[in-house]
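Subject: Structure handover

Hello,

I am passing on the structure we spoke about, with notes on what was found in it. Please read the notes with the structure open.

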Amino acid sequence: MIVPKPVTHEALPGHFVLDSGTALVADPALSEVAAWLRGELSPVTGGELPPGRPGPGTITIGLDDLPPEAYRLTAGPGGVAIDAGGAAGAFYGAQTLRQLLPPTAYRKAWSGPLTLPAVRIEDAPRFGYRGVILDVARHFMTKADVLRFIDLMAMHKLNHLHLHLTDDQGWRLEIRRYPRLTEIGSWRKESQAGWNGAMDGRPHGGFYTQDDIREIVAYAGRRHITVVPEIDLPGHTQAAIAAYPWLGNLSEPLEVGTTWGIGSNVLNVSDETITFFKNVFDEVLELFPGSLVCVGGDECPKDQWRESPSAQRRIAELGLRDEDGLQSWFIHQFDDYLVERGRRLVGWDEILEGGLAPGAVVASWRADLGAVAAAKAGHDVITCPNTSVYFDYRQGPGEDEPVPFGTVLTLDDVYAFEPIPAELHGDAAAERILGSQCGIWTELIDSNRRVDYMAFPRLSAFSETVWSTAERDLPGFRRRLAVHLERLDAIGVEYRHEEGPLPWQTRPGVPGRPEDPVSWQATIEAWTSNLRKAP
């Protein structure tokens, strides 16, 4: 009853008993994995799982000639052996070992000897990029909550946390060169209740110190999760402009944003603004060692640039076609900057409009159109279509859903998601799909409890779409999920139950944003038109 489903899972006769006398033996290169597993199992067994020699009654973790994230787990009366291609594979094998134990073992409280069924499992992920977008800009999550979420990701063998750190409504990362980004930009005076409701009158804010980020990145790294930072630009920048008004296009000062939707305030395109954000990224790169860095590039209204004499001069000086070309030029400045430092730019699929920065990775969120266009043009793609994997969308049609937003996206819908667009099936360009990520956007998710409710169990279904094979077996998944929900219960995850939200999870009277099929179709057509104009 493993989630995500392994590639092969063969039941064998017998079982293995894990108790206070069980030893844990690991290759020296896997000592960190062994330390993690001891930390999880020792409180349950009452023993320390001391190191020893390979032999009967031991758990052995070793290396073999396998891909880095692959593992083979064999359990029987004589012991448990996990053989892996690298530390990541060994860690995933250890996660599977935990799932073979009774769900109560996740409570990390002594329960006496535990029985594992005898099995042989061979497993490896389908995609190398298996991610979650966590929006901490709209509603801040404490460091402790982020670390807890990382553990939940690791439980599901996900390996990239895309951390959305900045937006109109808040700047969440300490930048020592520019302290006003957090002194001013990390707090807003109030928030909109629901999508278009009244203001709640409550200040909201918070930010991560650089030491906080170092701890988050290290904690994730020990669980083989890479943290991908996002500093959104040139749109979604009102919090930064509120802190440093000369970054914007208007003469009057702005406050940190308090409402939702696409804001009209964007960065100006001066050399000073570009230098400012390169200085910001200098500090970002010191904190986040991964190769991928997201610069956003999405939802950037061009009205202020059309009315700005300096923006129009820049367009003329550079010989650009229009404001879409200006945004493409702006993004190219940061693509060049990142490439020079050995990193890769990630941008939302709007970066296709006006010309795609060479070497950029496209995060395709608007249906499949951007993914197909980018892959066929030879660019790597992370698929994250909003209609399939955006977990701020409501989970049922009932009026008792908390702040109903967007189209209905059920557990079954998420399980049916295919990361490779149908148009690329059989096409060599399909190899450009690095994987996929689901999105937890928090405009309407204002607490950790609500993150739990909106994310789970849909995240469990999503994990199978990126880890397991392309085949789908919904009845089989639901049988395994029933056991998996007991694990989530044991660790206190307040997920959505099949019958609907519990009384505390409803929010009567808070306005949502119901689906509008007519306007949605018009939006798709507008995106298509913009992409067709791109060179």
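Helix α11 itself covers residues 369–376, and its buried residues are G370, A371, V372, A374 and A375. Buried here means under 20% relative accessible area, exposed means over 50%, and partly exposed is in between (1.4 Å probe, protein chains only). Helices (H or I, at least four residues) and strands (E, at least two) are DSSP runs, numbered from the N terminus.

Some background on the model. It is predicted, so local features need pLDDT of at least 70 and side-chain atom pairs count only at pLDDT 80 or more, while totals for chains, interfaces and linings use all residues. Residues are numbered from 1 along each chain as its sequence is written, and side-chain values use heavy atoms, with hydrogens and water left out.

Overall picture

The protein has 17 helices and 20 strands. Its radius of gyration is 24 Å, close to the 24 Å that the globule rule gives for 535 residues, so the protein is as compact as a globular protein of that length. The radius is taken over C-alpha atoms, and the globule rule is 2.2 Å times the number of residues to the power 0.38. Along the principal axes, the C-alpha atoms fill a box of roughly 80 × 50 × 45 Å. Of the 535 residues, 59% count as buried. Among contacts (heavy atoms within 4.5 Å) with a separation of 6 or more, 73% are between residues 24 or more positions apart.

Cysteines

A disulfide is counted when a pair of cysteine sulfur atoms lies within 2.5 Å, and by this rule there are zero disulfides. For C294, the nearest cysteine sulfur is that of C384, 9.2 Å away. C294 is buried, with a relative accessible area of 0%. The sulfur of C438 also has C384 as its closest cysteine partner, at 9.6 Å, which is too far for a bond. C438 is likewise buried, at 0% relative accessibility.

T166 lies in strand β9 (residues 166–167) and is buried at 1% relative accessibility. Leaving aside residues up to four places away in sequence, T166 touches A137, W171, E230, I231, D232 and H236. L181 is 15 residues from T166 in sequence, and their C-alpha atoms are 9.9 Å apart.

P117 is in strand β6 (residues 114–123) and is partly exposed, at 36% relative accessibility. P117 and V17 are 100 residues apart in sequence, yet 8.9 Å apart from C-alpha to C-alpha.

Backbone details

Where are the cis peptide bonds to look at? One joins V3 and P4, with omega about 0 degrees, and P4 is in the segment before β1 (8–18). Another joins L233 and P234, also with omega about 0 degrees; P234 is in the loop between β13 (226–233) and α6 (238–243).

L49 is not a glycine but has a positive phi of about 45 degrees. L49 sits in the loop between α1 (31–45) and β3 (58–63) and is buried at 0% relative accessibility. H224, also not a glycine, has a positive phi of about 60 degrees. H224 lies in the loop between α5 (210–222) and β13 and is partly exposed, at 22%.

Regards
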